Amino acid sequence: MKTLEKKNEMSAKVKKDKVKFVWTPKKAATAFSAYMIGLFFIYPYINMLLTSLKPNEELYAFPMKRLPQSWQFDNYLEVWSVAPIGNFLRASVIVSICATLLVLVVSVPAAYYVARNRFKGRSAFLLLVLATQMFSPTALIIGIFREVKFFGLLDTWAALIIVNAGFNLAFAVWLLSGFFASVPVEIEEAAMVDGCTRFQSLRRVVLPVTLPGLVTAVIFTFVSTWNEFTVALTVISSPTRQPISTGITTFIGQYDVAWEYLFTTTAIAIVPVVILFISIEKYLVGGLTAGSVK
Amino acid sequence: MTATGIAEKKVKNRRPANSTLSALPWIGPSLLLILLVVVWPAIELIRISLTKITSAGVLEGFFGLGNYRLLFENPDLKTIAVRTLIWVFAVVSITVALSLPLAQLINQNFPGRKFVRWAMIVPWAASVVMTSIIWKWILELTSGEFNLTLQQLGLQDGQPVDWLRDPRYSFFVLVWVAVFVSIPFTTFVILAGLQSIPNDIVEASQVDGAGPWQIYRRIKFPLLRNALLIATIINLINVFNSFPIIWALTRGGPGYDTDTMITFAYKMAFVEYNMGPSTALGVINFAFIMLIVLIYLRVTKATRDQA
């Protein structure tokens, strides 16, 4: 699968170099409509950035102006003392990093073993993993709440870490097993002849060459945990332990919707993860559809 | 070819089948996590739905189908169920209908294509709650940019429309935001499908004199069947489960006017502390998703076998 992709890419590149792009009216129309559509999909976020740079009195000014009349870059400094966003961000960073680590530790051995071995219950295991990918915590939230309560983990980050890891496990297992399977067994066998154990050959031979897959799994888990809302809303009750995704909604009641600060916060929360997510564009679809499309 | 397809092929000409026991150290942790996070809550949900439970969450013994009876006695349930169906159908069909031409467009060759694709990923990567809040601001009565734009274009004279609070429009606003956040994923799945169509088939039909529309309808579209099917099924589940959009924009209100079965179950459990019927509804929601998941597993199995 991977080698085929690369071949296609290479031939595409060769073609691109040979045939220079020539503007025709039809192509210009295509390009123009594509640019407009691109703009449309980032429009709300541009609106967010512009609003985050307005002074408060401009927000409700009449007639309203699209652009800030005086650019308030200070909003990005002031917001830290206006709302406890330092706390929110710390919670999100800790929960997302821990959930990501947990997913890696749990999914790498499973994906590797599934890619390399046939065993009784293998396809049952894969089906179970695939089914969990389809479930979101939302439908199970009452069960999750009661279980978290049973373990005495209400209002803890540990609960968020475990639940998020569980629901993102499937993406990692599917994606990584595809990557591991594409590593020729011969390389590993050579390593084992040289005295490597199974585990060492995984660590020293397989993992380094499947780094893109690992990075994709890491970023995907990090971003989806960062954005998770329902579980955080249900499990975390103290304002000081809220992650950013639910923290910003406390903004709305408590601070009488200070939109400029609300949007500086969402900008701080959105921009980094968008960049991360774009960096794994190539592998997203394969991981999410268990390879059945690409 | 699928990931498992490759895995199976590699495995087949390698070692003989191992016992489940020797696999356990490798897949055990994953199994444990799935049991803990997915299976346990599901069983707990079903168990509680058959138990009498107080608003404080104290269990008071077996209740048979009592919670389900209480749920079905609720006069709002029918409207909410119908609305949920409309919600899922509307969002998924609009999303897929718009994503088809969009995928075709960003599959064309033009300068800056990479940046257009990146732009289309943004709503997918950004938090859905935050995106919903931004749309709320854009649609605000007097301070929102949407009404301003309508006025400047001369499409709205006199009273601006209160999109979010006017019951005639609020549901459409929810549909709109849900479509907006669903399009990127759907478009990329269809794009992946388009990219997997071998170039020589297209070139051969060009040689045979087929026009671009004919090529799309007769060759590309049938080959997209699989990608479309999978995008549709995953969307069905996501949209049915969609909680943050509704919660951030209307909380299902006013009253229950914009609730779906998902937000209604949540509201009963965590806002009204009406635990019993909410667990019954939770089980029904779970069963509905389970059904779609089974369909998904069937569909992907067929494609896995083909590979």
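This report describes a predicted model with chains A and B.

## Model and confidence

Residues are numbered from 1 along each chain as its sequence is written, and chains are lettered from A in the order in which they are written. In this predicted model, local features need pLDDT of at least 70 and side-chain atom pairs count only at pLDDT 80 or more, while totals for chains, interfaces and linings use all residues.

The predictor gives the complex an ipTM of 0.87 and a pTM of 0.88. Chain B has an average pLDDT (the predictor's confidence in each residue, from 0 to 100) of 88, and 93% of its residues score at least 70. Helices here are DSSP runs of H or I with at least four residues, numbered from the N terminus. Over residues 1–13 of chain B, pLDDT stays under 50. Where pLDDT is low, the predicted coordinates should not be read in detail.

Nonpolar covers Ala, Val, Leu, Ile, Met, Phe, Trp, Tyr, Cys and Pro; charged covers Asp, Glu, Lys and Arg; the others, Gly among them, are polar.

## A helix pair across the chains

Helix 7 (residues 141–150) of chain A and helix 2 of chain B have axes that come within 8 Å and cross at roughly 100 degrees. The axes are lines fitted to C-alpha atoms over the stretch in contact, with angles from 0 to 180 degrees between N-to-C directions. The two helices are therefore roughly perpendicular, a term for angles of 65 to 115 degrees.

Helix 7 of chain A makes this contact through I142(A), G143(A), I144(A), R146(A) and E147(A), and helix 2 of chain B through W40(B), P41(B), A42(B), E44(B), L45(B) and I48(B). By class, seven of these residues are nonpolar, one is polar and three are charged.

## Domains of chain A

The domain assignment, automatic or from a database, gives chain A domain 1 (27–73) and domain 2 (83–288). Their centres, taken over C-alpha atoms, are separated by 32 Å. Each domain supplies eight residues to the contact between them. On the side of domain 1 that touches domain 2, helix 2 of chain A has the largest share, five residues.

How values were computed. Two residues are in contact if their C-beta atoms, placed from the backbone, lie within 7 Å. Angles under 35 degrees count as roughly parallel, over 145 as roughly antiparallel, 65 to 115 as roughly perpendicular and the rest as oblique.
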